[in-house]
Amino acid sequence: MLRADYPLEARGLRKRYGGKEVVAGVDLALAPGECFGLLGPNGAGKTTTLRLCLGLTAPDAGSVHVLGVDVIAQPRRARMRVGVVPQMDNLDPDFTVEENLVIYGRYFGESDRRIRARIPDLLEFAGLSARAKARISTLSGGMKRRLTLARALVNDPELIFLDEPTTGLDPQARHLIWGRLKQLLAERKTILLTTHFMDEAERLCDRLSILDHGRMVACGAPRELIGAHIEPQVVEVYGENVSAWGEQHGRRLAERCEYSGETVFCYTGDASALVQALEHRPELRYLHRHANLEDVFLKLTGRELRD
Ligand code: ADP
């Protein structure tokens with residue numbers, strides 16, 4: 001049964017391009033105030049899933065409801081109370097910061113007067129109060145992202161879609177965006193985001209789905225996924241001939257080893273014997289750490305390059 005109180009509910013979404021099913025049966029149900037992440041290698045179908053949920057692409061099968069509105073029947077109406085931060089900034093370079101907000105707000109049928117009344121708050125949220133009259137070309141990458149995020153709030157949305165919100169930003173700018181997203185979550189906004197950054201997903205998402213080849217291969221809270229899919233401890237071992245060491249000793253001392261270039265990743269419930277053995281191998285360096293979401297991601301989607 002459809003959960004009318006859920007801001008986003010998608011069932012059995014499918015989309016095929018040129019004989020290839022790029023979304024192959026995706027289900028999503030986002031509770032109010034939840035931050036939900038879509039993770040997956042390049043080409044996994046994340047952006048297409050977002051576009052299906054927004055009614056920008058028609059599915060071959062399945063249903064989507066956004067804030068109780070049937071997206072397939074009424075895509076425009078469904079988008080009225082939704083905010084969108086696309087992967088690429090598409091601010092209008094011919095206009096100033098505040099003009100960009102006004103023009104975008106008109107799309108939602110808001111009067112210029114009402115939009116202008118909201119602009120000081122939006123600019124403050126974006127940390128751009130002093131740049132209201134600035135041209136877009138004079139803004140840094142981080143400022144443009146913050147403005148795009150503020151622009152997505154112009155219609156006071158309950159549900160916000162963010163496609164890779166921090167790709168291309170430096171660490172300072174990423175932390176700033178994370179702070180703003182946390183602020184929106186504290187205001188009980190619901191967020192669906194795609195990301196390639198596992199730390200971003202671990203930090204922000206209440207739950208997430210890992211997508212591969214258009215299918216959801218795992219779904220749950222970050223801690224739950226780590227507990228369910230990965231041994232709790234990891235020892236990364238680097239150095240010359242590390243593969244030979246892995247074959248001879250790593251395999252014996254860890255439950256599972258993965259090889260990637262000059263590194264052996266040893267996964268285990270108890271790393272003490274492994275660490276002790278490595279103390280006698282000064283030519284090898286190692287890092288002993290807790291398992292994280294990236295380990296889950298690589299286990300489920302593999303280490304081969306995509307695209
Ligand atoms: P992701 O966001 O996970 O990187 P996408 O949803 O962008 O993945 O793409 C999934 C697959 O669908 C890719 O192989 C991509 O080339 C293909 N694709 C996406 N949009 C189109 C389109 N409009 N026409 C044809 N193929 C597309």
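This dialogue explains how to read several features of a predicted model.

User: What conventions apply to the model and its numbering?

Analyst: The model is predicted, so local features need pLDDT of at least 70 and side-chain atom pairs count only at pLDDT 80 or more, while totals for chains, interfaces and linings use all residues. Residues are numbered from 1 along each chain as its sequence is written, and side-chain values use heavy atoms, with hydrogens and water left out.

User: How many helices and strands does the protein have?

Analyst: Helices (H or I, at least four residues) and strands (E, at least two) are DSSP runs, numbered from the N terminus. The protein has 11 helices and 14 strands. Its C-alpha atoms fill a box of roughly 70 × 45 × 35 Å along the principal axes.

User: What percentage of the residues is buried?

Analyst: Buried means under 20% relative accessible area, exposed over 50%, and partly exposed in between (1.4 Å probe, protein chains only). Of the 307 residues, 51% count as buried. Helix 1 (residues 46-54) is mostly covered, with seven of its nine residues buried; among them are L50, L52 and L54.

User: Which strands form the open sheet, and in what order?

Analyst: Strands of a sheet pair through backbone hydrogen bonds, either parallel or antiparallel. Two strands are taken to pair if DSSP finds at least two bridges between them. Here an open sheet of four strands has the order 2-1-4-5, with antiparallel pairing. Strand 2 and strand 5 stand at the edges with a single partner strand each, so one side of each is left without a neighbour in the sheet.

User: How many bridges join strand 1 to strand 2, and how many join strand 1 to strand 4?

Analyst: Eight bridges join strand 1 to strand 2 (residues 20-30), and K15 stands opposite V23 in strand 2. Five bridges join strand 1 to strand 4 (residues 61-66), where V64 is the bridge partner of A10.

User: Where do positive phi values occur among residues other than glycine?

Analyst: Most residues other than glycine have a negative phi. E164 has a positive phi near 50° and lies in the loop between strand 7 (159-163) and helix 6 (171-186). R188, with a positive phi of about 70°, lies in the loop between helix 6 and strand 8 (190-194). E164 is buried, with a relative accessible area of 9%, whereas R188 counts as exposed at 56%.

User: How many salt bridges are counted?

Analyst: Side chains of opposite charge can pair when their charged atoms come close. A salt bridge is a side-chain nitrogen of Lys or Arg within 4 Å of a carboxyl oxygen of Asp or Glu, and by this rule the count comes to 17. One of these joins E21 to R14, with the closest N and O atoms 3.1 Å apart. Another is formed by R256 and E258 (2.6 Å, N to O), and E231, R256 and E258 are linked in a network of salt bridges.

User: Why does the salt bridge of K189 and D156 tie together parts that are apart in sequence?

Analyst: The side chains of K189 and D156 meet at 3.0 Å, N to O. K189 lies in the loop between helix 6 and strand 8 and D156 in the loop between helix 5 (141-151) and strand 7, so the pair ties together parts that are 33 residues apart in sequence. K189 counts as buried at 11% relative accessibility, while D156 is partly exposed at 44%.

User: Is K15 buried or exposed, and what is its nearest side chain of opposite charge?

Analyst: K15, in strand 1 (residues 8-17), is buried yet has no salt bridge; D60, the nearest side chain of opposite charge, is 4.0 Å away. Contact means heavy atoms within 4.5 Å. Leaving aside neighbours within four places in sequence, K15 is in contact with residues including E21, V23, L52 and D60.

Conventions: Lys, Arg positive; Asp, Glu negative; His and termini not counted.
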